[in-house]
Amino acid sequence: MRAMKVQKIRLAALSLLIFSSLACSLIITDANEQFIQGKWSQSGSADGFAWYSNYTFNRGSFTIDGYPPLKQSGSYRIINSSGDTILLEFYDQKGELGTENSKRTITIDRAKDSISFDGGKTFYSRVK
């Protein structure tokens, strides 16, 4: 009987540890990473042909889709986050852009609810 109580206590402690670990992994503490969560889009036309590009960030994973047809997905991690810039490393990638790890700096404009890549040359607006 005593062995059963000890086993139940161990099981309860293990369950609590797993739940706590899972809950912590769902919380994003970096303000810049919190800001970029969701879908971002840009579009335009060139030589009479329409195009678009979307980035979606979701707690450590990302997707890129666009037209002309473009698909990329994988994981990201923060290399540096300071002020209104965040440097991300993209890894475990698959898609048209290749599988090599890459880094991109995102500049955040909270007032305009937008982000830009490449030092402000490529702007994306939040999709609501």
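In the predicted model, R77 has a relative accessible area of 36% and is therefore partly exposed. E89, in contrast, counts as buried, at 13% relative accessibility. These two residues form a salt bridge in which the closest N and O atoms are 2.9 Å apart. R77 belongs to strand β4 (residues 70–82) and E89 to strand β5, so the pair ties together parts that are 12 residues apart in sequence. Side chains of opposite charge can pair when their charged atoms come close.

The count of salt bridges comes to 4. Another of these is formed by the side chains of R110 and D84, with a distance of 2.7 Å from N to O. Here the partners are located in loops: R110 lies between β6 and β7, and D84 between β4 and β5, so that parts of the chain 26 residues apart in sequence are tied together. R110 is partly exposed, at 36% relative accessibility, and D84 is also partly exposed, with a relative accessible area of 40%.

The loop between β6 and β7 also holds D113, which is linked to R126 in strand β8 (residues 122–126), a distant part of the chain 13 residues apart. In this salt bridge between D113 and R126, the closest N and O atoms are 2.8 Å apart. D113 counts as buried, because its relative accessibility is 18% and the limit for burial is under 20%. R126, at 24% relative accessibility, counts as partly exposed. The pair is part of a network of salt bridges that links D113, R126 and K128.

The strands named above belong to a barrel. This barrel is closed by 8 strands in the order β1-β2-β3-β4-β5-β6-β7-β8, with antiparallel pairing. On average, neighbouring strands of the sheet are turned by 30° against each other, direction ignored. Strands β6 and β7 run antiparallel and are joined by 4 bridges. T107 stands opposite S116, a residue of β7.

Strand β6 also contains K103. This lysine is exposed, with a relative accessible area of 54%. Leaving aside neighbours within four places in sequence, K103 is in contact with L87, L88 and E89. The C-alpha atoms of K103 and L87 are 6.9 Å apart in space, while the two residues are 16 residues apart in sequence.

In soluble globular proteins, nonpolar side chains tend to be buried together.

When residues up to four places away in sequence are not counted, Y55 touches G38, K39, W40, T63, I64, R104, F117 and Y124.

Notes: Residues numbered from 1 in each chain as written. Predicted model: local features only at pLDDT ≥ 70, side-chain atom pairs only at ≥ 80, totals over all residues. Heavy atoms only, no water. Contact = heavy atoms within 4.5 Å. Pairing = 2+ DSSP bridges. Helix = DSSP H or I, 4+ residues; strand = E, 2+ residues; numbered from the N terminus. Axes fitted to C-alpha atoms, helices over the stretch in contact; angles between N-to-C directions. Buried < 20%, exposed > 50% of the residue type's maximum accessible area, 1.4 Å probe, protein only.
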